[in-house]
Amino acid sequence: MKLLIINGPNLNMLGIREPDIYGSQNYAALCDFVAAAASEVGAEFEIFQSNHEGVLVDKIQEAYGKVDGIVINPAAYTHTSVAIADALSAVAIPTVEVHLSDVMKRESFRHHSFVAPVAKKTYMGLGFEGYRRAIRFLCLGEA
Ligand code: DQA
């Protein structure tokens, strides 16, 4: 099983950005966490972060035919990007959406996700653990 883990804008600022919302661990710690979760289920993975919408679209397109599952935290693009949702639909790779925070308990502009309708599942409000749950869902079918 080959997984692509995609993180959108400002997630590289973890540890610095709003620690009361996103926690005190940095992006390198998230990468280590994902590596451990992938290794638990014997999955190969690539983890990728960009602050640029088109770069994220390119990365999704490049995954076509090469990747068995996508875990994506589109960050702010969740709430704005038809292009990312369209790219996920185009490649038709099973996708799970993850948010560190519970976006439904935050500002109303975060309540809508363009990605949710094209994702098989969404985990939110679980911090790093959401990525582990997403990986286990894609690899083992665990809910
Ligand atoms: C986020 C939630 C988004 O609303 C926000 O723009 C982010 C991070 C999360 O992981 O909780 O950048 O996706």
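## Helix α4 and its buried side

In this predicted model, helix α4, which spans residues 82–91, has as its buried residues Ile-84, Ala-85, Ala-87, Leu-88 and Val-91. These residues lie on the same side of α4, because the arc that they cover around the helix axis is only 160°. The elements against which the buried residues of α4 pack are the helix α3 (53–62) and the strands β3 (69–73) and β4 (95–99).

Both ends of the helix can be described in some detail. After the helix comes Ala-92, a residue with a positive phi, near 55°.

## Positive phi in two loops

Most residues other than glycine have a negative phi. Ala-75, which is not a glycine, has a positive phi, near 55°, and its place in the chain is the loop between β3 and α4. Ala-75 counts as buried because its relative accessibility is 12%, where the cut-off for a buried residue is under 20%.

Asn-10, likewise a residue other than glycine, has a positive phi, near 75°, and it belongs to the loop between β1 (2–7) and α1 (19–22). With a relative accessibility of 38%, Asn-10 counts as partly exposed, since that class holds the values between the limit for buried residues, under 20%, and the limit for exposed ones, over 50%.

## The surroundings of the ligand

Ala-75, the buried residue of the loop between β3 and α4, is also one of the residues that surround the ligand. By residue class, the shell is made up of 5 nonpolar, 4 polar and 2 charged residues.

## Polar contacts and burial of the ligand

A polar side-chain atom of His-99 is placed 2.8 Å from a ligand oxygen, and for Arg-110 a polar side-chain atom is found 2.9 Å from an oxygen atom of the ligand. Ala-76 contributes through its backbone, of which a polar atom lies 3.2 Å from a ligand oxygen. Of the 320 Å² that the ligand exposes when taken alone, the protein buries 98%.

Note on methods: Residues numbered from 1 in each chain as written. Predicted model: local features only at pLDDT ≥ 70, side-chain atom pairs only at ≥ 80, totals over all residues. Heavy atoms only, no water. Near = heavy atom within 4 Å. Polar contact = N/O pair within 3.5 Å; in protein donor to acceptor, adjacent residues only side chain to side chain. Areas by Shrake-Rupley, 256 points an atom, 1.4 Å probe, with all protein chains shown as cover. Nonpolar A, V, L, I, M, F, W, Y, C, P; charged D, E, K, R; others polar. Buried < 20%, exposed > 50% of the residue type's maximum accessible area, 1.4 Å probe, protein only. Helix = DSSP H or I, 4+ residues; strand = E, 2+ residues; numbered from the N terminus. Arc of directions from axis to C-beta. Contact = heavy atoms within 4.5 Å.
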